[in-house]
Amino acid sequence: MGNFILFDKTAQLGKGYIITFANRSQMLYFILFLPKFLERPYLLFGILVVGILSQINLFILSKCLSSKYTHQGYHGFADLLGQRTLRIIVFAGIAFIFIKVSTIILGYAEIVHQFIFPAMQLPWMILFIMLISTYIASQGMEKTLRFGIIAFLCTFWIILLYIPYFFPPEAEMHDLYPLIPTDWSHKPWKGILMVWSSLSGPEYLILVLPWINSKQNMLRYLSIANAISILEYLLLFLACLFFFGTTYLGEIGFPVVNMIRYLQSPVFERVEIIMISLQMFHYVFFISVLLLCLYGAIRISAGTQYKETTRKGFYAVCLLVLAGVFLIQLFYWREGKELNHWANVQLLSGAFTYLLIPSLLLAVTKIKGRRSNL
């Protein structure tokens, strides 16, 4: 069978991988949750404000990524935090990774179920997505990260499908009013929190940093990725406002996908099927990365990080994830209600990790640096 090596490094990946990883990680939940729960036009300014805050957070993150400790992988973090503390933190991180990966699987599976295979049971969709993700992840972290370029090229251009919605008769300027809120009963802070949580994902670069070229200007490429994400957020939200209006936007499930159903093409009858199928590259890429991170986290928590990776161990972790996703789908996930209990858990946990991981890691790095200089 040969050696089963998941975390080998034969080359250091460059700037393109930083941009694609950060950008695609920030676009995971826009199709799943937003813009239905933004709904009000004045939250266009909310997206811009949160985008600026995200840029500040990415500045902090870039400082962490430039540290000599983070580029050493496990050994660097063990030196920075201590082995016992690191194992405790990693053990807690297993829960956050599982919450994120399960929400991605369930959200995308529901889209496929609703728009392409309504007669097929949702568990079969989940199994199919997990099988593909497990296969890609089994190729190792380096090849999985390289797959991110394919995922980006297959999905980034989809934004062009929404250009017709910016022209009459679909586009009406009155759909953008009011740009200044007159009624605060809508609770805009909830939409702003959702945007912040949806922009989370670049913090997971910390886990794949050993495969990234340490000489790269992290801030520049993270800024490019963040700017692209904010532009996509604004364009998609504007298109939804023009097409559905504030009256119906909050009532439509998965509006970003639903809009494509109204496009007419002389070649393809149902363009949304092509769009959803291509989006699979996007979601499967990040699921695969998270599966590898989860496997690595379990190995560190168990103290077996120095042992060789095994097929049996990796596939056992994937089976546990699959079983966990089935249980969540059975007890906590409600189809037709995008913002269900489990999705709310992910939105809160994503906002938490995106806010605290860069800040806390930078603080610990600074403290460690001062102590070493004494």
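In which crossing, left-handed or right-handed, does α3 pass α4? The legends below take up this question for a predicted model.

**Close-up 1. Packing of helix α3 against helix α4 in the predicted model.** Helix α3, which spans residues 74-81, packs against helix α4, residues 83-115, at an angle of about 110 degrees, and the axes of the two helices lie 7 Å apart. Because angles of 65 to 115 degrees count as roughly perpendicular, α3 is described as roughly perpendicular to α4. The crossing in which α3 passes α4 is right-handed.

**Close-up 2. Residues in the contact between α3 and α4.** From α3, the contact is made by Tyr74, Phe77, Ala78 and Leu81, while α4 contributes Gln83, Thr85, Leu86 and Ile89. Sorted by class, this contact of α3 with α4 comprises 6 nonpolar and 2 polar residues, and charged residues are absent from it.

**Close-up 3. The largest pocket and the residues nearest its centre.** The largest pocket has a volume of about 1400 Å³, and its lining is made up of 45 residues, of which Phe77, Leu86, Val90, Leu207 and Ile300 lie nearest the centre.

**Close-up 4. Helices and residue classes in the lining of the largest pocket.** The elements that each give two or more residues to this lining are α3, α4, α8 (205-208), α11 (271-302) and α13 (341-373), and α4 gives the most, with 8 residues. By class, the lining of the largest pocket divides into 30 nonpolar, 9 polar and 6 charged residues.

Technical notes
Residues are numbered from 1 along each chain as its sequence is written. This is a predicted model: local features need pLDDT of at least 70, side-chain atom pairs count only at pLDDT 80 or more; totals for chains, interfaces and linings use all residues. Side-chain values use heavy atoms; hydrogens and water are left out. Axes are lines fitted to C-alpha atoms, for helices over the stretch in contact, and angles run from 0 to 180 degrees between N-to-C directions. Helices (H or I, at least four residues) and strands (E, at least two) are DSSP runs, numbered from the N terminus. Angles under 35 degrees count as roughly parallel, over 145 as roughly antiparallel, 65 to 115 as roughly perpendicular and the rest as oblique. A crossing is left-handed if the near helix is turned anticlockwise from the far one by less than a right angle, and right-handed if clockwise. Contact means heavy atoms within 4.5 Å. Ala, Val, Leu, Ile, Met, Phe, Trp, Tyr, Cys and Pro count as nonpolar, Asp, Glu, Lys and Arg as charged, and the others, Gly among them, as polar. On a 1 Å grid over the protein atoms alone, a cavity is a set of points where a 1.4 Å probe fits but cannot get out, and a pocket is an open set with protein on both sides within 12 Å along at least five of seven lines; lining residues have an atom within 4 Å of a point. Grid points are joined across faces, edges and corners, and a volume is the space filled by probe spheres set on the points.
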